[in-house]
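Trainee: I would like to go through the terms used for this structure and check each value against its cut-off. Could we begin once it is on the screen?

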Amino acid sequence: MSPILEAHEVEFSYTATTPVIRGVSLQVERRKLSALVGANGCGKSTLIRLFAGLLDPVRGAILFEHARLRSFARRDLAKRIAYVPQATPLAFPFTVLEVVLTGRSPYTPRFRFEDARDRERAMEALATVDAAHLAARRVTELSGGERQMVAVARALAQEPQCLLLDEPSAALDLKHRAALIRTLTRLRDAQGLTALVVTHDLHLIDPPFDHVFALRQGRLLAEGRPEEVLTDAVLGEVYEDPHVRTRRVDGRTLIWSN
Amino acid sequence: MQKRGQGEATTTRLWRALALLTALLVLLALLALWAGGRPLNFAELRSDPMARTLFFRLLLPRVAMAALIGSSLAVAGAALQALFRNPLAEPATLGVSGGGAVGASVAIALGWGTRFSGVPVVFIAGFCGAMVAVGVVHRIARSGSLLLPGALLLAGVVVNLIASAAVLAIQYVTDSARALEILRWIIGSLEVIGFDTIWRMLLFLVPGWIALLALSRELHLLAMGEETAGALGVHVERCEKAIHLICSLLVGVTVAVGGAIGFVGLIVPHAVRLLFGEDLRIVLPGSLLMGAAFLIAADLVAHIALDPIELPVGAVTALIGGPVFLWLLHRRQRYSAL
């Protein structure tokens with residue numbers, strides 16, 4: 001199966017002296033759920049921003065469908081790749097529906113408003129994350145977890161081929177974390193969605209993720225099926241913690257640190 | 001029957017906002033023309049040359065000047081709030097007006113009243129000062145990809161303090177006639193004779209308004225967050241630069257003509273939001289119309305409140321805007337630490 005997103009020898013740094021991403025090459029397979037894991041500050045969020053086209057690599061190339069990301073007009077790219085940042089601080093009390101409708105902006109001509117079809121798409125996206133009941137609420141009144149679900153709905157309203165999520169479960173409770181993962185699995189199976197998810201919730205990866213990339217200090221340390229990467233040896237090296245332990249129980253990989 | 005969608009609702013809301021605010025603007029303009037001077041008497045205007053001169057050379061230009069300055073400050077305030085994702089941002093609180101004031105003071109002190117290619121140098125100087133201020137404030141408030149709201153406002157306060165000190169220093173070192181000119185200008189006034197200045201302002205302001213309205217979709221997305229806007233196809237850096245430039249132009253030119261009139265850019269966008277919702281594609285054109293109506297009303301109050309004494313219009317806007325700012329600050333602290 002061909003990759004949808006590729007990084008070729010990508011290097012990136014915010015300052016001239018400290019490289020954050022160092023020669024990373026990887027391929028994100030289409031119609032797969034892939035997880036990107038690593039210790040704090042290892043470059044996960046930077047790498048996902050590079051894939052979203054929000055940053056440009058200093059060296060190397062990011063490809064989408066075998067074409068350089070920069071060869072796409074930004075609005076065309078937004079129809080193909082959706083990105084959900086770690087946090088979406090909202091200063092103004094927009095309604096949830098208004099926020100989700102912004103996901104339709106790549107499809108809306110400059111001097112037109114979203115139409116009834118866009119509204120339907122937005123409501124469908126809210127229903128997909130089980131948040132349709134929030135449509136009329138102000139986002140400033142929502143909990144962090146609810147806001148995160150709204151951000152995911154906004155990304156789904158873009159009808160992307162590829163969804164990039166930066167720690168989407170950080171503000172979610174146990175029930176909503178599981179629901180989000182179920183939603184991603186359903187979208188992969190039913191609609192062929194590709195998702196790359198930055199996560200610290202290692203116990204949510206196996207199952208249902210198909211692939212795991214492990215970063216360490218800006219380099220790709222390991223990749224493979226979850227059971228190949230989520231091992232004592234690999235995770236010990238990724239987190240520089242010799243006390244990390246993993247065990248497979250009933251088809252799941254449990255992970256903890258002693 | 002086809003179901004009415006959000007788009008139709010938003011379009012309806014836009015047209016309703018434009019219709020209501022245009023009616024309000026016309027009503028207040030007529031009221032200002034009637035109550036701001038002698039009562040309007042069309043027969044007298046036709047027959048009495050003195051009444052005609054007073055009306056067309058003083059009264060009508062003053063109302064037009066209030067409308068231009070109010071529109072520009074309000075639409076710039078709405079744009080800056082969205083750009084900085086801060087409901088407390090506006091030209092005065094961000095130091096943009098202060099920067100413009102320094103630029104204009106330098107021009108006045110150096111006697112650069114003359115025109116460059118037909119454009120008063122004081123406009124250009126005000127624009128440059130405003131550009132520097134908005135650039136400094138933005139640079140200080142930015143931490144990586146984040147804009148720190150507290151740092152933004154503090155930087156604005158400090159830029160304003162520096163600007164006030166600089167204007168005072170300029171007054172101190174310049175000769176007394178020019179110092180007096182600066183002082184009269186700082187107090188701010190909408191007094192104008194004839195339409196010459198107004199035509200020249202329009203040369204700058206109309207392109208600025210059009211450019212900001214054309215960017216209303218980008219501003220609507222930027223208000224959702226910089227990364228979100230970028231992921232939705234907005235050229236964030238390019239837009240930021242364009243909005244800096246346009247707001248500096250609008251504020252610089254209005255400050256150069258009318259002095260520093262604060263809080264119009266704070267009060268008006270919030271009033272439009274309360275009435276017509278948060279969508280920037282409605283808030284921007286709405287602010288343009290309501291800003292004009294608001295400053296016409298404020299000037300009318302300044303004119304008649306303590307008749308025959310005339311208050312500076314900036315004092316009226318500050319007396320209304322200050323409490324509104326404090327109320328917004330109090331409300332904001334409920335859900336977001338500064």
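Trainee: Why is A:Arg188 called buried?

Mentor: Buried means under 20% relative accessible area, exposed means over 50%, and partly exposed lies in between, with a 1.4 Å probe and protein chains only; A:Arg188 has a relative accessible area of 13%, so the residue counts as buried. A:Asp210, with 16%, is likewise buried. Please keep in mind that this is a predicted model, in which local features need pLDDT of at least 70 and side-chain atom pairs count only at pLDDT 80 or more, while totals for chains, interfaces and linings use all residues. Residues are numbered from 1 along each chain as its sequence is written, chains are lettered from A and ligands numbered from 1 in the order in which they are written, and side-chain values use heavy atoms, with hydrogens and water left out.

Trainee: What makes A:Arg188 and A:Asp210 a salt bridge?

Mentor: A salt bridge is a side-chain nitrogen of Lys or Arg within 4 Å of a carboxyl oxygen of Asp or Glu, and the closest N and O atoms of A:Arg188 and A:Asp210 are 2.9 Å apart, so the pair meets the rule. A:Arg188 lies in helix 6 (residues 174-191) of chain A and A:Asp210 in the loop between strand 8 (194-198) and strand 9 (211-216), so the pair ties together parts that are 22 residues apart in sequence. Helices (H or I, at least four residues) and strands (E, at least two) are DSSP runs, numbered from the N terminus.

Trainee: Why are B:Lys241 and B:Glu237 called exposed?

Mentor: B:Lys241 has a relative accessible area of 56% and B:Glu237 also has 56%, so each counts as exposed by the cut-off. Both lie in helix 11 (residues 236-258) of chain B, 4 residues apart, about one turn of the helix, and their salt bridge has its closest N and O atoms 3.7 Å apart.
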